[in-house]
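This briefing concerns selected secondary-structure elements and the way they pack. Please consult the sequence and the structure shown below alongside the points that follow.

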Amino acid sequence: MEGIAESSNAQLNAPYAERWELLKDIMVHLYIDENTKLKDLVAMMKARYQFYASEGQYKTQFKRWKIGKAIPAKKKEGISKTLQSRAQLGKSSVVLYKDRPVETKNIRRYLKDQARREIAIGPSLINGTSDLEFLSGHALQCGNRIFMNWNVPYSVLRFPKARAEDHFSPFGQAATPMSDIVAVTPSSNFGPSPRNPPSPGHALSPNNAPSPLTVAVRDKMKADRANLFVQGQHARLLQGMNKEDKSLMTDWMHQFWQFSFKTAKNWGRGPRKWTASTLRFGDFPARRLASLPSSPAVNFGSPENHDYQQNIRKPGHDTIQKPTSLCRWSIHHRDTVEVDPEWIASPPPVEEADVDPNDESSWKPWSSQENIQQFAVHLQENLESNDFSNMEVENLPILANKVARAAEQSPDQLKEEAFGFSIMGRNLLLVCDMFKEAWHKDFTLHDVFPLHLATSYLDGARTCCGIFETIVRKLPMGEASATVRKLYTNHLNHTVLDNLMIAILKAHTSCAPATVDDAFKKEHRFVGEEVDICGRWDADSDCIRQLQALGNPTIPFEWKHMFCHTSVQAISHCIGILWELPVAPDINTPSGLFLKRCSNELCGLKLQLRPLHTLVVTTVHLAQQGCKGENLFGMLACLLRMVTSGANPLLTAHISVKALLSSDDEQGCSHSELTPLELTREVPKDLVRSWSLEARTGWKVFCAVLNLCDAEWRSRKEGDMSSDDEDNLSLEIWCPEHAISCTNQKLATLWAAVQTELVTYRRLAEGDAWISPNFNMESLLESLNGGSDLAIGLVENDMMKEFCSDCGIFYDSMNSITLGTEEVSAYYFSNLEDWNRSTFIDITE
C-alpha cells in the first residue's frame, strides 16, 4: 500500500498494550487520511501487522485518542457560515478541518438536513421589538413587525451601519490561532492526492451549472435568512446580504406590502384577488443599481438578470405628475338627513368577471362578505403561491416557502399583521371584525400599537376619524391586556397625542423626522407619508409609486399645503374621541417629543414637555417651516380641543428654548420652569418677524387664546383651591350639562365658531381662501386684544345654532365630537356640495 510504512520488529514484537501507540500513526493515516472503513481497517491491520482487535476496541481507542471522522455540530455550523460567506463572493471552496479535507458529501448532507429541519420546525412569527438602535423606518416608528415594515422599495430604503459583531467576515480564508477550520479556493496545487481525494461535489455540473455543494450552500443560506426574517431580525438579515440581494429581498417584500395594502383597502369590493399583473409592478421599475466594487462574480438571483427590474425605462417615467393641491373631505351626517342616494348607497353586488381592476367605477360590493380570518388566510396563500409578485421565487435570496410555512403555522400573529394592514388600508369592516375575534382570543395587540398606527395613516378625506374611533371604542376596559390607557404610549414613549402632532408636521411642513425625536436622526421620512391626510394621494397612487421607484425618500415639499380644514377636522376629532371616554388616559401625560437634556454635565436634567408645551413647539415649527398661506387656524382648533378635553395650561415643564429651537452648547444650565404661555413669550421675536403675515397673525391669535385659557384656570385655582393645595394644578371644572371640561363664555363661543367653520367650509379652487369670510383671523385678533365681543362673522350674524355657553357644545348635536352641518348651522350656508370630492359618514351617538 502506497504511503504505508513497512512493519518493524518493534511494532510486531512489542507487548499488545504498547502496540496501540506504536501503530497509532498508521491506524490514523488509514482511517482518516485514506478514509478506510472501520471493518476494512481491522482486516488490514490483522493481515499486515498481525494486530488483532475488534471494531469495538478500535472505537474505544480512537475515542481515547480523540480521533474521529465525525465533525461536531458547532464546527459544522462554522463550516456552513464560512461556505456561505465565500459563496456570496462567488468563490468555490475546499474546507480543511484539523488540516484534513472535509468530505463534501458530509457537508451537503448537513446543509440539507439543517434546511429541512428548520422548515419542518415552522418557526413562529416573533412580534416583540428589538433594540431600537437596530430598527429603522416603519419598524422604528410603528413597532417591529414581520410584514408591515416593508412599506418602501429598495430604491428608497436606507440601511443602518452594521455592527462588526452582527455578522461574520466574508473575507477570512486563513484560520485564526484558535480555529481548526480553513476554507481555500481549489487550485492546481490542491489537486487529488491521498490527502485530497477527488470529490464529485466540487466538479462542474453540466452546462456550468452550480455544483451540488454550491446548491446546498445556497439553500442553507436562504433557510438561515428565512429564519432571521420570521424572527423579525430584519436589520441583521439585510446586513448579511450584498447590495443586489438586499434589493431583491426588499423589493419582493415591498411588493407583498403593496399587495397586502391594496387587498386590505379594498377587501369587500372590487377584485377579489390582486396579482402582479393587476398591481402593475412592471409600470414602476426602479432605477438599475450600480454594482459595488466588491460585488461577487456570481450572485444568487442578481436583479439584473430578471424581468422585474429592467434597465430600459419607459418614456416619461422620470416625470412625476404632481397631485392636485385641492383637498377631498368627509361629511358627517345624520341618517335622518336627506342626501342624494347616488352618493352614499351601496351599488348591487356583481360577479368578479364584471370587475375592471383599473376602473374603480366598475367595482361593486362582493356578493358574500369575508372576515379578517379569511383575509389573513388570503395573505398566507399568496405568500405560498407568489402570485402577488413578478419576481421568480427561485431567484430570491430567501426560502419563500419557509416564510409561507411560518405564516401558516402562526395564524394568530399573521392575523395581527392582517389587522395592521386593515388599519393602514382604512378598512372599517376588517378592523371591526378583528375585535370580534379578540373577544374569543387573547390578542394583546400591544406590539401593533393600533392607536399610533391609525394616527400615522389618518385619512381625513375617506374615513376621517372612523378607524381611530372604532379602535378606541372597541378596545376592552378594566384590567385587560390591551386597553386605551395601556396603549396610549408606545415603545418610543410617544403618546397618541404626540403622534397627532407628528401627523401635522409630516403633512404640512418641511420638518425632518429628527426634528421631533433624536431617535429619528437616521430617518429620512415619517411613517405614513405615503397616505395623504387630505385624500390627494394614497400608498397605491401612481404618483407615490413613481416617486418611490425614482428613489425619493420623502414627499416633495411642493406637494404639501397648509394645515387645511380636512386635516384639522380629522386631528381634532381624534383628540375629542380619546378624551370623551370615561376611562381615558391622562391628557397631561408628559410628551415624548422634542425631548432634550441639559448640556451642563453637573446637571443633565431631562427636559420633558407637557402636551400643551408640545403644541406650542409644533405651532412654532408649522409657522416657521409650514407651507405657503399657513395661518395657524388649525393650531387654534387643536388648542381649544385640548383645553376642553382637560389639558391643563398651568402645568410647568423644565425647558431650554435654545435647545428646542436651535442648539444649546452652553456649559451652564439654560433651562427654566415654564408654563405653555410663558413658553410662547420666550420664542425669539426675530424668529416670529421672519414668518409670513398670515402666520404672525395666527400666532398672535394662538397666544391670546392661550392667555385666556391660562387666566381661566388661574381664576379657578384662586377661587376654589385652599392655600394648602397650591401645588395641585389638576383642578378641572366640568360643564354641568356636558361631560367635558368647562371654559368660559368667550372661549366657548370661539370653540363653537371654530367647529362650525370646520364643517361648513372648504377651499374649492386654486386661489380660493383657506378660511371662509365668516371667520376672519385679523378681526378675531383685534377683538381679543381689545377685550370686546368676538368679531367673527359666524357669531355676529347669528349663523350658528344654540350652544352651551360653558363648553361650546351644540345642543342639537347627536355626537359632540363628529358634528354635521345641520347640527351647527342656523341656516344652510355650507359650500361642500362638490360630491365628487365628498365622502359621507353616518354620525353615531
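A residue counts as buried when its relative accessible area is under 20%. By that criterion, strand β4 (residues 329–333) is mostly covered, with five of its five residues buried. The model is predicted.

**Strand β4 and its partner**
- In a regular strand, side chains alternate between the two faces of the sheet.
- Both faces of β4 are covered: one side carries Trp329, Ile331 and His333, the other Ser330 and His332, and all are buried.
- Strand β9 (residues 838–842) pairs with β4 in the parallel sense, over five bridges.
- Isoleucine 331 has phenylalanine 840 in β9 as its bridge partner.

**Helices α3 and α4**
- Helix α3 (residues 24–33) packs with helix α4 (residues 38–49) at an angle of about 140 degrees, the axes lying 10 Å apart.
- At that angle, α3 is therefore oblique to α4.
- The crossing of the helices α3 and α4 is right-handed.
- On the α3 side, Ile26, Met27, Leu30 and Tyr31 meet Leu38, Leu41, Met44, Met45 and Tyr49 of α4.
- The residues of this contact between α3 and α4 comprise nine nonpolar, no polar and no charged.

**Helix α20**
- Helix α20 (residues 542–549) is mostly covered, as seven of its eight residues are buried.
- The buried residues in α20 are Cys543, Ile544, Arg545, Gln546, Leu547, Gln548 and Ala549.
- The buried residues of α20 pack against α11 (243–266).
- Glycine 551 follows α20 and has a positive phi, near 85 degrees.

Technical notes
Residues numbered from 1 in each chain as written. Predicted model: local features only at pLDDT ≥ 70, side-chain atom pairs only at ≥ 80, totals over all residues. Heavy atoms only, no water. Buried < 20%, exposed > 50% of the residue type's maximum accessible area, 1.4 Å probe, protein only. Helix = DSSP H or I, 4+ residues; strand = E, 2+ residues; numbered from the N terminus. Contact = heavy atoms within 4.5 Å. Pairing = 2+ DSSP bridges. Axes fitted to C-alpha atoms, helices over the stretch in contact; angles between N-to-C directions. Parallel < 35°, antiparallel > 145°, perpendicular 65-115°, else oblique. Left-handed = near helix turned anticlockwise from the far one by under 90°. Nonpolar A, V, L, I, M, F, W, Y, C, P; charged D, E, K, R; others polar.
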